Amino acid sequence: MISRRDFLSVGTVAAAGLLLSPKIKKAYAEQVPSMKDNQGSKLILLGTMAGARINKSRISCSQVVVVNNQLYVVDCGYGVARQLVLADCDLKKLKAVFITHHHDDHNLDYGNLLHLARMGGLREKVQTYGPYPLKKMSELYLEMNDYSFNTYQKQLGMVTLKPLIEVHEIARDGLVMEDENVKVSCVHVVHPPIPAFGFRFDTPDRSITISGDTAVCPELVEMAKGSDVLLHEAMYKPALMNLVKRVPQYKGLVRWLVKAHTDVEDVGKVAHEAGVKTLVLTHMVPGDNPNITEEMWAEGAGKYFKGEIIVGKDLMVI
Ligand SMILES: [Zn+2]
Ligand SMILES: [Zn+2]
């Protein structure tokens, strides 16, 4: 086993895209199980970046819960389908898609994921869940691509996408869906001015709570109680003024960030209160500032949470 400190430094090296020395590579592989190991439910972080700006280190927010090789994707930031393939997930095993809320860093590739799964051999119906206007978005996606999709359907006999999608808009807390692999529940979280949801996945061997984007939310704490894993968004407040300097076009950004997201120290309090075993940080605000090290993220949450803390990276398997 490697220590948390070793793991953090290993993660930093891996994230920076540097060539890993054989020793580090081995330690990294031991800590991060491969998807080739099919035992048990897994949470894979596909994208850990807040916001839809493109950079080299992280992509926008998305993750997948994998149970019996079936894929339950939560959020569809840009690049979600490619990240699934890079994580050794079979796109035709897409079973359900959950959108926490309609910000572009969470839904930009919603339609594209469904289409690309169809291109990857999907033949079973996919259930999709999210707040209004998910139905309209699904219809408009099909309409926008009607010309090109139709061409292939007529010319090559490609299967039609529409019958493969069943859309469910969610508006209230409680049970979202249940099948042979998983029971999924949701609560409204605090992400003004739009409705946003956090989800809890209970599988035969694990419970995983995913915060989505939220300020501190007592209902989320309640739902997360007893989870094995809490995947929570995180913001590093002292860096916000620097972030604003880099994107001066967004007036009122800091005021909104503080109202709609959770400072990393408060994330530690949430995890402590919920009594989870492992806290995983994601949706970093800011997610592209190399001056905020993984140790700094972990130390912030660690002030109040004494369980295992994992600073999320794209393609990490948990
Ligand atoms: Zn976001
Ligand atoms: Zn958001």
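In strand E11, Val229, Leu231, Glu233 and Met235 point one way while Leu230, His232 and Ala234 point the other way, and all of them are buried, where buried means that 20 or more other C-beta atoms lie within 10 Å of the residue's own, exposed means 12 or fewer, partly exposed lies in between, and C-beta atoms are placed from the backbone. In a regular strand the side chains alternate between the two faces of the sheet. The model is predicted, and local features therefore need a pLDDT of at least 70 and side-chain atom pairs count only at pLDDT 80 or more, while totals for chains, interfaces and linings use all residues. Residues are numbered from 1 along each chain as its sequence is written, and chains are lettered from A and ligands numbered from 1 in the order in which they are written.

**The chain as a whole**

- The protein chain holds twelve helices and 14 strands, which are DSSP runs numbered from the N terminus, with helices (H or I) of at least four residues and strands (E) of at least two.
- Of the 318 residues in the protein chain, 45% are buried.
- Among contacts in the protein chain between residues at least 6 apart in sequence, 66% join residues at least 24 apart; two residues are in contact if their C-beta atoms, placed from the backbone, lie within 7 Å.

**Strand E11 and its partners**

- Strand E11 covers residues 229-235, and seven of its seven residues are buried.
- Strand E10 (residues 207-210) pairs with E11 in the parallel sense over three bridges, where pairing requires that DSSP finds at least two bridges between the two strands, and the bridge partner of Ile208 in E11 is Val229.
- On another pairing, E11 runs parallel to strand E12 (residues 278-285) and is joined to it by seven bridges, with Ala234 standing opposite Met284 in E12.
- E10, helix H8 (residues 218-224) and E11 make a right-handed β-α-β unit, and right-handed here means that, with the strands pointing away from the viewer, the path from the first strand over the helix to the second runs clockwise.

**The sheet that contains E11**

- Seven strands form an open sheet with mixed pairing, in the order E7-E8-E9-E10-E11-E12-E13.
- Strand E7 (174-178) and strand E13 (308-311) stand at the edges with a single partner strand each, so one side of each is left without a neighbour in the sheet.
- Neighbouring strands of this sheet are turned by 25° against each other on average, direction ignored; axes are lines fitted to C-alpha atoms, for helices over the stretch in contact, and angles run from 0 to 180 degrees between N-to-C directions.
- Strand E8 (residues 183-188) and strand E9 (residues 197-202) pair in the antiparallel sense over six bridges, and His188 stands opposite Phe197 in E9.
- Helix H12 (residues 294-302) packs on the sheet and touches E11, E12 and E13, its direction making about 145° with that of E13.

- Glu294, Trp297, Ala298, Gly300 and Ala301 are buried in H12.
- These residues cover an arc of only 155° around the axis, which puts them on the same side of H12; the arc is that of the directions from the helix axis to the C-beta atoms.
- E12 and E13 pair in the parallel sense over four bridges, with Val280 opposite Ile310 in E13, and E12, H12 and E13 make a right-handed β-α-β unit.

**The other open sheet**

- An open sheet of seven strands, with mixed pairing, has the order E6-E5-E4-E3-E2-E1-E14.
- Strand E6 (165-169) and strand E14 (316-317) stand at the edges, each with a single partner strand, so one side of each is left without a neighbour in the sheet.
- Strand E2 (residues 62-67) runs antiparallel to strand E3 (residues 70-74), and five bridges join the two, with Val67 opposite Gln70 in E3.
- Helix H5 (residues 110-119) lies across E3, strand E4 (94-98), strand E5 (126-130) and E6, running at about 175° to E4.
- Helix H6 (residues 134-144) packs on the sheet as well, touching E5 and E6, and its direction makes about 150° with that of E6.

**Nonpolar core**

- The largest nonpolar core has 84 residues, of which Val64, Val73, Leu281 and Ala301 touch the most other members; such a core is a set of buried Ala, Val, Leu, Ile, Met, Phe, Trp, Tyr and Cys residues joined through C-beta atoms within 7 Å.
- Leaving aside neighbours within four places in sequence, Val73 is in contact with Ser62, Val64, Val80, Leu94, Val97 and Leu113.
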